[in-house]
Amino acid sequence: MWVERLFRDLCSHVMALTNLPAGAEAGFMDREIRSGEGWSERLGAALATCRVFVPLFSPRYFASEMCGREWFAFAQRTIHHVALSNQPAEAIVPALWVPVPPSQLPLPAERLQFNHNTFGERYVTDGLYGLIKLRGYAEQYESAVYELAKRIVRVAETVRLDPIRPLDYRLVPSAFGSPGGGHSSTARTLHVTVAAASRHDLPEGRSPEYYGDSALDWNPYHPVSQRPIAYVAEDLVRNLNYQTTVGSFDDEAGHFDSKQPPTRPEILIVDRWAVQDEQRRQRLAAFDQESRPWINVVVPWNRYDHQSRAKESELAHRLEDTMPVKMSQGRAACRAAANGVANMETLGQILPQVVEAAAQQFLRHAQVYPPAGSPVAGTERPRLLGPMGMNGPPGPPPAPFPPTVGDTGDRPAGPGRRENDTDNDRGDADDIES
């Protein structure tokens, strides 16, 4: 009821602030409890075409897996836009339905550069739910909603996200991590390593247009993509609620110690051309002999790169011969990742599966610290040390996946939005899209 009123008020302001024709839909609201034939298809279409995504922050919102999936689906569009244009795409405009402590924000929400204070002091302390419920704050509510509508319109006019093919949002992962996933203070971490040449040490005849001054500048999807793949992958992994670091295999080779337990799952992005350099090929072969199943391989392969197409069979076989173990493990985790990822869209689709497989292997091999003394009934289970737990000695470390707060969420989004329509004090969770 209350979120639906907010949606109507926002749409009314948006209509007044734009030249949308009478009768046009200014937004779309997703209701988590709504059922009926075609509803998921409508939501998927809205997420694929809306220009602004408006999540209604509340503790329950961030505990909702479905809310996290919708956030993930929309955020993938912004990541793709940034890769294509190398321009920022801040198309998520959050609204406070219920104030949420910073410690309870998942990383994707924490990273948003958004100043809620511009909507009023009472809005910050009570949220829209408090303003709309209490009669004495009617003026503050109207002011906050109007300012929110102006922000939505401004973003819609300045950020031009291209529509994409609708995803089945029910099948994508949550941007807030798995149920019970961690908050920012004890977040999961993942490392991305790139094994590629620079423009200064390319194989004879290889075009330098795909490379830069270091391996981290490698851009296999040039000229479609304007960003190196290391940073596209970093954004994609961050959208899975990970703190992410990137590095070059050439810089990190020799620093691996397979006898030590892992401190984080890792992704190794490999350019098949990299094995043309004999010294790098030997380092990759030595790396392959070390048992590190928590490191998964991704092999980008642009079939519009004529040089790569001409040597595809030769380079593929050479990489298989160099890294038979890793390629086999990568194929088991995600066949497409090891066989050649054709474009950025496919990369965004397969990377969650690759990350999940690496995370599961990390959990199997990470060091545990059982409590001192003999196990007794009621003893707390051992906890992990590392990025999914805590980067430090036991004492005692927090749980590998700290629980998130909330059960449903509120969020307005691009041409659509989601909401609970019952009048209760649970803290509705909705998205509005415009």
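Select helix α15 (residues 344–365), which contributes eleven residues to the lining of the largest pocket, the most of any element. Helices are DSSP runs of H or I with at least four residues, strands are runs of E with at least two, and both are numbered from the N terminus. The model is predicted: local features need pLDDT of at least 70 and side-chain atom pairs count only at pLDDT 80 or more, while totals for chains, interfaces and linings use all residues. Residues are numbered from 1 along each chain as its sequence is written, and side-chain values use heavy atoms, with hydrogens and water left out.

**The largest pocket**

Next, select Phe72, Gln76, Pro173, Gly348 and Pro352, which lie nearest the centre of the largest pocket among its 40 lining residues. Besides α15, the elements giving two or more residues to this lining are α4 (65–85) and α8 (229–238). A pocket is an open set of points on a 1 Å grid over the protein atoms alone, where a 1.4 Å probe fits, with protein on both sides within 12 Å along at least five of seven lines; lining residues have an atom within 4 Å of a point. The space amounts to about 910 Å³, a volume being that filled by probe spheres set on the points, which are joined across faces, edges and corners. Colour the lining by class to find 22 nonpolar, ten polar and eight charged residues. Here Ala, Val, Leu, Ile, Met, Phe, Trp, Tyr, Cys and Pro count as nonpolar, Asp, Glu, Lys and Arg as charged, and the others, Gly among them, as polar.

**The second largest pocket**

Move to Thr78, Ile79, Glu90, Arg111 and Asp235, the closest to the centre of the second largest pocket among the 19 residues that line it. About 500 Å³ of space lies there. Helix α4 gives the most to this lining, with five residues. By class, the lining holds ten nonpolar, three polar and six charged residues.

Return to α15, which lies across β4 (188–195), β5, β6 and β7 and runs at about 160° to β7. Contact means heavy atoms within 4.5 Å; axes are lines fitted to C-alpha atoms, for helices over the stretch in contact, and angles run from 0 to 180 degrees between N-to-C directions. Now show the open sheet of four strands, ordered β5-β4-β6-β7 with parallel pairing. Its edge strands are β5 (242–248) and β7 (295–298). Strands pair if DSSP finds at least two bridges between them; β6 (residues 266–270) and β7 have four. Finally, select isoleucine 269, which stands opposite valine 298 in β7.
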